[in-house]
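Trainee: Please take me through this model by question and answer. Begin with the terms that we need.

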Amino acid sequence: LEGLDGLTLECQARRGQACSLKDLEALRVEFLGRKGKLAAAMGALSQMGPEDKPAAGRKANEVKNALVELLESRQAELEAEAAKGALSGFDPSLPGRRPAVGSLHPVTLAMQEICEVLTGLGFEVVSGPEVENDWNNFEALNMPPDHPARDMQDTLYVSDRVLLRTHTSPLQVRTMLSRRPPVAVIAPGKVYRRDSDITHTPMFHQIEGLLVDKNVSMADLRGTLTAFVRQLFSADTKVRFRPSFFPFTEPSAEVDISCMLCGGEGHVHGEPCRVCKKTGWVEILGCGMVDPNVFRAVDKVGVGGYDPESVTGFAFGLGVERVAMLKYGIGDLRMFFENDVRFLEQFS
Ligand SMILES: Cc1ccc(OCc2nc(C(=O)N[C@H]3CCS(=O)(=O)C3)cs2)cc1
């Protein structure tokens with residue numbers, strides 16, 4: 001029966017390692033089972049004399065109760081722990097969860113990058129209302145009341161003379177009404193046209209630029225825009241100016257750059273280039289020398305200083321969605337506003 005005391009000590013030592021109810025059950029069977037340690041020790045009882053049996057029996061009972069108490073209290077500890085664990089829901093063995101971070105829209109990224117290059121070239125960003133009057137949006141830009149661009153098929157009117165701006169040029173008009181030359185500003189923002197098909201959306205983004213000073217020349221225009229597109233795309237981008245027409249600039253030009261996909265070859269791996277349609281060139285923006293009528297209009301009603309005999313200027317405009325599609329290889333305009341996360345999350 002001397003093994004009896006050892007049982008309580010051994011159980012005390014080992015109960016702490018039982019970390020689950022399963023471990024504890026194994027321990028219970030080991031000590032208290034039919035073939036357990038206590039039963040083995042009590043087996044010796046049957047060989048004892050009648051005078052020793054009662055004490056030994058009492059002793060064995062004490063040890064049994066002690067073992068039960070040790071195991072039951074350990075079970076209570078394990079159950080309390082499990083309850084707490086369930087409450088806290090924290091399972092340290094689970095892998096970490098990556099925090100979901102958002103991303104900027106490709107149009108926003110393109111807008112930011114274009115503005116960064118142009119502010120680096122000395123232009124200041126101006127902003128203003130999207131709901132404009134027809135003087136700022138058309139008349140001041142050499143488009144008199146009966147000009148076709150004013151027609152309802154292109155313009156979204158709020159009332160007879162109030163409309164959604166069709167370009168960001170009104171911001172440059174407002175700047176010239178409030179500041180005397182020299183002026184070097186860019187006007188980024190949303191513009192609205194009554195146009196909607198596979199390659200046009202009623203709202204899109206534009207950035208226009210304006211430089212007005214003494215002796216601004218076509219050479220300044222070519223130099224500035226060449227530097228701009230070579231920073232925006234790549235230093236070896238080829239640039240060409242094609243004669244064009246806009247009511248607010250004279251002379252006017254459209255600027256093409258060598259195709260960023262085929263490098264100007266017109267084909268990729270023997271396939272016709274889908275970006276430049278085999279021409280090797282991609283139209284990127286329009287520009288020109290500001291028409292004197294624009295200066296006359298603002299000189300008359302603004303702070304002055306825009307006498308076309310004393311200042312000249314150049315202006316340019318580009319579509320941001322178009323630049324983003326070229327830069328990021330986006331094939332469909334609609335992707336910009338379907339907000340499919342699988343598309344948006346590719347841009348950071
Ligand atoms: C006072 C003032 C005077 C002149 C101005 O000329 C802005 C200009 N824009 C363009 C042009 O080609 N723009 C288009 C490019 C693609 S688009 O987004 O569809 C609009 C040429 S010159 C602006 C303001």
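Mentor: Contact means heavy atoms within 4.5 Å. Helices (H or I, at least four residues) and strands (E, at least two) are DSSP runs, numbered from the N terminus. This is a predicted model, in which local features need pLDDT of at least 70, side-chain atom pairs count only at pLDDT 80 or more, and totals for chains, interfaces and linings use all residues. Residues are numbered from 1 along each chain as its sequence is written, and side-chain values use heavy atoms, with hydrogens and water left out.

Trainee: Which elements do the buried residues of α10 pack against?

Mentor: Buried means under 20% relative accessible area, exposed over 50% and partly exposed in between (1.4 Å probe, protein chains only). In α10, the residues Val320, Glu321, Val323, Ala324 and Leu326 are buried. An α-helix has 3.6 residues a turn, so residues three or four places apart point the same way. The buried residues of α10 pack against α5, β5, α8, β10, β11 and α11.

Trainee: Which residues does isoleucine 284 contact beyond its neighbours within four places in sequence?

Mentor: Isoleucine 284 is one of the residues with the most contacts inside the largest core. With its sequence neighbours within four places left aside, its contacts are Val229, Phe233, Val255, Ile257, Leu318, Val323 and Leu326.

Trainee: How many residues does the second, separate core have?

Mentor: Among its members are Ala140, Leu210, Val290 and Val294. This second core is separate, and its residues number 21.

Trainee: How much of the accessible area of the ligand does the protein cover?

Mentor: Accessible areas come from the Shrake-Rupley method with a 1.4 Å probe; for residues, only the protein chains shown count as cover. A polar side-chain atom of glutamine 206 lies 2.9 Å from an oxygen atom of the ligand. Of the 570 Å² of accessible area that the ligand has on its own, the protein covers 87%.

Trainee: Is leucine 171 buried or exposed?

Mentor: Leucine 171 is found in helix α7. Beyond four places in sequence, it contacts Val126, Ser127, Gly128, Pro129, Arg165, Ala187 and Pro188. Its C-alpha atom is 6.0 Å from that of glycine 128, 43 residues away along the chain. Because its relative accessible area is 3%, leucine 171 is buried.

Trainee: Which backbone nitrogen lies 2.8 Å from a side-chain polar atom of aspartate 197?

Mentor: A polar contact is a pair of N or O atoms within 3.5 Å; within protein, one must be able to donate a hydrogen and the other to accept it, and residues adjacent in sequence count only if both atoms are side-chain atoms. Aspartate 197 sits in the loop between β4 and β5. Its side chain reaches the backbone nitrogen of threonine 199 at 2.7 Å. The nitrogen at 2.8 Å belongs to histidine 200.

Trainee: What is the omega of the cis bond between glutamate 250 and proline 251?

Mentor: Most residues other than glycine have a negative phi, and most peptide bonds are trans. A cis bond also joins proline 181 and proline 182, with omega about 0°. Proline 251 lies in strand β7. For glutamate 250 and proline 251, omega is about -5°.

Trainee: What is the phi of histidine 269?

Mentor: Histidine 269 is in the loop between β8 (267-268) and β9 (271-272). Its relative accessible area is 79%, so it counts as exposed. Although histidine 269 is not a glycine, its phi is positive, at about 50°.

How values were computed:
A nonpolar core is a set of buried Ala, Val, Leu, Ile, Met, Phe, Trp, Tyr and Cys residues joined through side-chain atoms within 4.5 Å.
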